[in-house]
Amino acid sequence: MRVFLPDQPTLRSPSGPNFRRAITLVEVLVVISTIGLTGSIILPAVLQARGSARTTACKNNLRQIGIAIHNFEASNRKYPNLFFGVVDRAPESFSMWCVSPTAQLAAFLDEPAATKAINDARTPPLWDLRDLAIPSPAVIQCPADGLITRSGVSYRYNRGVIPVHPEDPLGVFTGFRGRRSGEITDGLSNTAFVSERLVSDVRFQEQSRTPMEITSTHSGNIGQGCISENQLGGTNNSVADSWGSNWLSSESRHATYYHFFPPNSIWKDCESAAMHPDSVPSARSLHNAGVNTLFGDGRVEFVGNSIDLDAWRALGTRSAADHEP
């Protein structure tokens, strides 16, 4: 007897022009996980490489500034100073043409247009060059500072340790005349010349950028006044013009810095309209754990935030005399 079975479907291999194979959920998750893992490995390396590149560019800027300083000194037999230019001693007025050390170096930074504009403005009784619309040379702007402006400056000159008026007697770039290399008795290799300071902007109330205003006189000692305000936990942010916004100005908020606080101090910098000098800028940057600093011998070193404060203050003086504030 024959038994007839119904026809069975023929099993065919998954091939042919009409065959479509779907992607499973597991495969999608594996791909996403792989991409995420790869990104988590690569991204920090990319960011680190970018940060290293910016730090290197910043160091190169400082080296060029160092060369300009030494060429200036070779030509003028002194370093740039804070108050430079023409004095008008007429009976009706007393005025001085003030300009930052960076502006004095413009010719040595290969900035012919800026040099001409500055020289054309040397007419008494002009007091300051802050109103001149001259863009900053690229070499004085650190690429790590995203808030740098068209006329901003990232590098400041060492004014000393003690914020006193008219000048810290042991400072390098202070007063009405430029220092000579022979006056750096600590040795050029042991004396800081230029370091970084972030520009400030009142729109961004960041501790590392925005100074704090001192509301009391503190017997005219702005350094101790700044310490007192910080100890009180003051949050009175300044509303003055942004620090570092004018590369031509000789004001301390734009042109200089002090070794009063360590690099990237957790305490805020300060300013006061009631005392002289009117501000206490410190060395600050966005580089990881320190600041780039140009020394008198032309070398650039990365100085860490953890440097001993006494050692940092010693680097801020031009002689081995007592540097306590």
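I took a disulfide to be a pair of cysteine sulfur atoms within 2.5 Å. This is a predicted model, in which local features need pLDDT of at least 70, side-chain atom pairs count only at pLDDT 80 or more, and totals for chains, interfaces and linings use all residues. Residues are numbered from 1 along each chain as its sequence is written, and side-chain values use heavy atoms, with hydrogens and water left out.

**Cysteines.** By this rule I counted one disulfide. C226 and C270 form it, with sulfur atoms 2.0 Å apart. The link is right-handed, at 75° about the S-S bond. It joins distant parts of the chain, 44 residues apart: C226 lies in helix α4 (residues 222-231) and C270 in strand β7 (residues 270-271). Helices (H or I, at least four residues) and strands (E, at least two) are DSSP runs, numbered from the N terminus.

C58 is buried, with a relative accessible area of 0%; buried means under 20% (1.4 Å probe, protein chains only).

**Cores.** A nonpolar core is a set of buried Ala, Val, Leu, Ile, Met, Phe, Trp, Tyr and Cys residues joined through side-chain atoms within 4.5 Å. The largest has 31 residues, and Y155 and W247 are among those with the most contacts inside it. Helix α1 gives the most to this core, six residues. Beyond four places in sequence, Y155 is in contact (heavy atoms within 4.5 Å) with residues including C58, I65, C142 and V194.

Note on methods:
Buried means under 20% relative accessible area, exposed over 50%, partly exposed in between (1.4 Å probe, protein chains only).
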